[in-house]
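This report describes the chains, their contact and a few selected residues. The sequence and structure come first.

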Amino acid sequence: MNGPSRSEESLRQFLLGKVDDAERERIESRSLIDPQLKEQLLAAEQSLIDDYLEERLTADHRESFLLQYGASYRQRRKLRIAKSIKEYAEAQPVTAPIDAMPNVIRRRWFRLEAKPKLVWGVAAILIVALLLVVWLQSRRSQPDAQQQ
Amino acid sequence: MARDSVTNPDGFDEILAWLNPNRELAGTMYVQLRHDVARIFLWNRCSDPEGLTDEVFDRVARKVHNLRQTYNGDPRLFFYGVARNLVKETAKKVKTYASFDDAGVTLRARAQVEVDEEEESVQAREHCLQLCLNKLNSEQRRLILEYYAMDEQGKISHRVRIARQLGLSIETLRVRIYRIRVTLEECIERCLDRKDINK
């Protein structure tokens with residue numbers, strides 16, 4: 001695994017409460033008005049929570065993480081829920097790997113899956129078309145049989 | 001614990017108008033700002049982020065009429081200033097009333113996680129998880145389950161592969177997963193709250 005990038009590392013330090021007050025205030029205030037920084041912070045937080053749940057944090061970071069994210073009941077509950085999601089996902093039978101389908105087909109399939117009416121409609125049209133072809137084929141072969 | 005906000009309707013309207021002249025946009029900004037301010041309290045280890053956020057908005061609501069004429073700059077930064085002051089006030093109170101050091105707090109937090117775990121039935125959580133997973137659309141459901149699938153060894157490369165297949169950077173994938181997880185968590189929390197009430 002590649003280590004976190006320098007900026008991600010500094011955001012991680014912030015999230016673990018390991019920066020001075022001036023830096024903390026700079027990051028916090030910017031996060032309210034700079035959507036890009038906010039996205040980066042959310043990603044760093046996600047990565048930190050994942051590392052905690054997957055027990056990849058050092059002892060020192062784990063202590064800091066618990067201080068930071070174990071402070072309120074709601075936050076602890078969020079961690080438990082995140083842990084449940086992870087455990088549930090791990091327990092699921094392995095499905096087809098996500099990259100078994102080319103990206104474009106995959107996206108289209110996702111879109112189709114979200115529209116069952118469309119899928120059924122297309123399926124019905126295909127069945128009708130198939131029946132029509134069979135019927136036309138049988139009609140075409142009937143005069144041949146009569147001539148013989 | 002969140003308390004009842006005392007922001008009056010006029011104050012609320014003025015905050016919206018201050019955030020943005022377009023009321024619809026202002027409403028979106030208001031909701032977003034509340035989330036962001038609550039997150040700041042969380043980052044500062046405050047035990048009641050929602051209650052403190054209410055307090056910030058109440059304080060601003062009391063001054064907003066004058067602020068609109070006198071304050072220059074992004075209003076969100078004023079909210080941040082109020083939140084920052086509240087963090088300091090809260091820290092002072094904690095220092096006055098509590099004597100435990102950081103190590104004690106960590107031990108307490110860890111012990112608390114275990115106690116909470118026992119209090120909340122695992123079955124209830126699983127039931128709510130199933131229920132809420134079914135409320136996600138199939139793409140979101142598949143993505144989050146894929147993201148957390150695999151054992152520890154293969155997980156990292158698996159996620160890099162998912163990101164590549166979706167044409168995303170790993171950071172963007174994380175943010176996408178974060179958003180799905182927040183939706184899922186909120187649904188599970190509501191479900192668990194309902195179960196608490198029905199006990």
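## Helix packing in chain B

H2(B) and H3(B) are oblique to each other. The angle at which H2(B) and H3(B) pack is about 125 degrees, and their axes lie 8 Å apart. An angle of 65 to 115 degrees would count as roughly perpendicular and one over 145 as roughly antiparallel, with the rest, apart from those under 35 degrees, taken as oblique. The model is a predicted one.

The crossing in which H2(B) passes H3(B) is right-handed. From H2(B), the residues that take part are B:Arg34, B:Val37, B:Ala38, B:Phe41 and B:Leu42, and they meet B:Pro49, B:Glu50, B:Leu52, B:Thr53 and B:Val56 in H3(B). By class, the residues of this contact of H2(B) with H3(B) are seven nonpolar, one polar and two charged.

B:Arg45 sits in the loop between H2 and helix H3 (49–70) of chain B. Its phi is near 60 degrees, which is a positive value in a residue other than glycine. Is B:Arg45 buried or exposed? B:Arg45 counts as buried because 22 other C-beta atoms lie within 10 Å, and the cut-off for a buried residue is 20 or more.

## The two chains

The secondary structure of both chains is summarised below.

Read from the N terminus, the elements of chain A run α-α-α-α-α-α-α. For chain B the order from the N terminus is α-α-α-α-α-α-α-α-α.

In chain A, A:Glu55 lies in the loop between helix H3 (35–53) and helix H4 (59–69). The phi of A:Glu55 is near 55 degrees, again a positive value in a residue other than glycine. A:Glu55 counts as exposed because it has 8 C-beta neighbours inside 10 Å, where the cut-off for an exposed residue is 12 or fewer.

## The contact between the chains

How many residues does each chain give to the contact? Chain B gives 50 residues and chain A gives 45 residues. On the side of chain B that touches chain A, the elements that give two or more residues are helix H2 (23–43), helix H4 (75–97), helix H5 (102–119), helix H6 (122–135), helix H7 (138–148), helix H8 (152–166) and helix H9 (170–198). H9(B) supplies the largest share of that side, 10 residues. By class, the side of chain B that touches chain A has 22 nonpolar, seven polar and 21 charged residues.

## A residue of H9(B)

B:Arg176 belongs to helix H9 of chain B. Why does B:Arg176 count as buried? B:Arg176 has 20 C-beta neighbours inside 10 Å and therefore counts as buried, since the cut-off is 20 or more. Along the chain, B:Arg176 and B:Leu143 are 33 residues apart, while their C-alpha atoms are separated by 9.2 Å.

Note on methods: Residues numbered from 1 in each chain as written. Chains lettered and ligands numbered in written order. Predicted model: local features only at pLDDT ≥ 70, side-chain atom pairs only at ≥ 80, totals over all residues. Contact = placed C-beta atoms within 7 Å. Helix = DSSP H or I, 4+ residues; strand = E, 2+ residues; numbered from the N terminus. Nonpolar A, V, L, I, M, F, W, Y, C, P; charged D, E, K, R; others polar. Axes fitted to C-alpha atoms, helices over the stretch in contact; angles between N-to-C directions. Left-handed = near helix turned anticlockwise from the far one by under 90°.
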